[in-house]
Amino acid sequence: MITSIETGSAEHIYETLYCARGQAENPIKLHKAQLASDRTSCRSPLANQMRLILHTAAYWLMLTVRDTIPKGHALATDEFATIRLRLLKLGARIIEMASRVRLAFAAACPDATLIRHIAAAMMPAGP
């Protein structure tokens, strides 16, 4: 790497500036590759814009889910596709009550406690 920056060691410049630039591109790659946000196949530009807005909302939701996973858990640093397969594509019985929605998972669901943790962490605070 060649630079005109005169202050700091080469290691420091590489780790703080150059690697940070590469890390800034990773969320863009996640947005495009794992949420298919680069698909703009509609004829109408407004429909393509709406599709991009929905993909951005999905990105925000997946980022929020990943941020609520405890740091020591294996899924805390996984990609969105893995989180979607392990946590969102599950079979559950949904029971609607007057004041809550209850999810009944299978007894063999390996990530049931993690899903409970995420649901509790994402629950809005009371009035």
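Jump to Cys109 and you land on a buried residue, at 16%. A search of the whole structure for disulfides (cysteine sulfur pairs within 2.5 Å) comes back with 0.

Some housekeeping: this is a predicted model, where local features need pLDDT of at least 70, side-chain atom pairs need 80 or more, and totals for chains, interfaces and linings use all residues. Numbering runs from 1 along each chain as its sequence is written, and side-chain values use heavy atoms, without hydrogens or water.

Now colour by secondary structure, taken as DSSP runs numbered from the N terminus (helices H or I, at least four residues; strands E, at least two). You get 4 helices and 2 strands, in the order α-α-α-β-β-α.

Next, select the largest nonpolar core, 13 residues. Such a core joins buried Ala, Val, Leu, Ile, Met, Phe, Trp, Tyr and Cys through side-chain atoms within 4.5 Å. Ile69, Ile83, Leu87, Leu114 and Ile118 have the most contacts inside it. Helices α2, α3 (80-88) and α4 (112-122) each supply at least two of its residues. Centre on Leu114: leaving out residues up to four places away in sequence, its contacts (heavy atoms within 4.5 Å) are Ile69, Pro70, His73, Leu75 and Leu87.

Last stop: Met50, in helix α2 (residues 45-68), is partly exposed at 44%.

How values were computed. Buried means under 20% relative accessible area, exposed over 50%, partly exposed in between (1.4 Å probe, protein chains only).
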